[in-house]
Amino acid sequence: MAMAEDNPRNFRSHYYKKVGFHGVDEKRSLEILLKDEPLDLEKLCTFSQRFPIPTIYRILIWKVLLGVLPPHQAAHEAVSQQRAEQHQDVLHALRSMRLTGDGAPDTHTMLRMLQLENGCLPRRSDQPPEEEEGDFIAVVSTMSEIAENEVDAYWLAKCFFTQFNNKYVDSLPHLPKSLEHYLGVEDGRLLQHLRSTGALPRLPCSRWFSRCFAGTLPNKSLERVWDKIMSGSCKILVFVAMGILLTFKMTLMTMNKADSIVQFLEKIPQENTDVIVTKAIELWQKHTGAPVHT
């Protein structure tokens, strides 16, 4: 009889874990937050700092946190329609100027849309993307796979990329130094190896951090990292880099040339990325005092 009574609870627990929750109370808490009118951004940020957000709720929460949609849910439908119309207008303008066509990659078209809205279109449409443009292409490429449609992908990528760079423009240059510091605390031997081989100053930190690991981690793992960034933590990027280095420590310690180490890190194996992100979040909680997922 006891087993029969436990089965429904076990089934629910298994289901909630599959969609991102680790307990029924988390689901109830988020559902209560999502019924607020207007939505409380501070509470949503706190929740996403403490708990993983299930995919079924993630896009809505990202839209609100990034300002794609307003906190007032009654206005969501009208604002969504306005966003779609603006997307179509900008796309039509590009096509009228012959700066994009039916054969152009969606990501490059979205880059031109961003440049048009920001008033910084290049003089020639065929010139190769600059570094910052490559960063946006990486972000919008990932967002295109996460979002349900190209309108959502564009607005989420545009707002995420713009807010991230505006908010953390002064912090980004200091992140490699933070990585060196925390790596020394966690694993001085690995840090010394990276120094002695000359690999430390050549780690792909600039690309990792400016792209928020888009193109480095697969989407399913990356979403957990972006949850933290959108709720206000730029420093999670440092610990994701640490997670990569610590996860592949044994491999890196066998390499005695900087070129080999850098080449490996520029295209890391994709099968251990959930382990990397879990380790990163644990380190982030440990070293920053971030709320622990209980």
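**Figure 1. Ser-233 in the loop between helix 12 and helix 13.** In this predicted model, Ser-233 is found in the loop that runs between helix 12 and helix 13 (236–247), where helices are DSSP runs of H or I with at least four residues, strands are DSSP runs of E with at least two, and both are numbered from the N terminus. Residues are numbered from 1 along each chain as its sequence is written, local features need pLDDT of at least 70 and side-chain atom pairs count only at pLDDT 80 or more, while totals for chains, interfaces and linings use all residues. Side-chain values use heavy atoms, with hydrogens and water left out. Ser-233 counts as buried because its relative accessible area is 8% (buried means under 20% relative accessible area, exposed over 50% and partly exposed in between, with a 1.4 Å probe and protein chains only). The side chain of Ser-233 makes a polar contact of 2.9 Å with the side chain of Trp-284; such a contact is a pair of N or O atoms within 3.5 Å, and within protein one atom must be able to donate a hydrogen and the other to accept it, while residues adjacent in sequence count only if both atoms are side-chain atoms. When residues up to four places away in sequence are not counted, Ser-233 touches Gln-49, Tyr-168, Lys-228 and Trp-284, contact meaning heavy atoms within 4.5 Å. Ser-233 and Tyr-168 are 65 residues apart in sequence, and their C-alpha atoms are 9.8 Å apart in space.

**Figure 2. Helix 7 packed against helix 12.** Two packed helices are described by the angle between their axes and by the distance between the axes. Helix 7 (residues 131–146) and helix 12 (residues 219–230) pack at an angle of about 110 degrees, and their axes are 11 Å apart; these axes are lines fitted to C-alpha atoms, for helices over the stretch in contact, and the angles run from 0 to 180 degrees between N-to-C directions. Helix 7 is therefore roughly perpendicular to helix 12 (65 to 115 degrees counts as roughly perpendicular, under 35 as roughly parallel, over 145 as roughly antiparallel and the rest as oblique). From helix 7, Val-139, Thr-142, Met-143, Glu-145 and Ile-146 meet Asn-219, Leu-222, Glu-223, Trp-226 and Met-230 of helix 12. The residues of this contact divide into 6 nonpolar, 2 polar and 2 charged, where Ala, Val, Leu, Ile, Met, Phe, Trp, Tyr, Cys and Pro count as nonpolar, Asp, Glu, Lys and Arg as charged, and the others, Gly among them, as polar.

**Figure 3. Cys-212, Phe-213 and Ala-214 in the loop between helix 11 and helix 12****.** Most residues other than glycine have a negative phi. The phi of Cys-212, however, is positive and near 50 degrees, and Phe-213, which is not a glycine either, has a positive phi of about 70 degrees. Cys-212 is buried, with a relative accessible area of 1%, and Phe-213 is buried as well, at 0%. Leaving aside its neighbours within four places in sequence, Ala-214 is in contact with Ala-138, Val-139, Thr-142, Leu-222 and Trp-226. Ala-214 and Val-140 are 74 residues apart in sequence, whereas their C-alpha atoms are 8.8 Å apart in space.

**Figure 4. Lys-158 in helix 8.** Lys-158 lies in helix 8 (residues 150–168), and at 14% relative accessibility this lysine counts as buried. The side chains of Lys-158 and Glu-117 are joined by a polar contact of 3.0 Å. If residues up to four places away in sequence are not counted, Lys-158 touches Gln-86, Leu-114, Glu-117 and Phe-136.

Figure 5. Most peptide bonds are trans. Within helix 3, Leu-44, Phe-47, Ser-48 and Gln-49 are buried.
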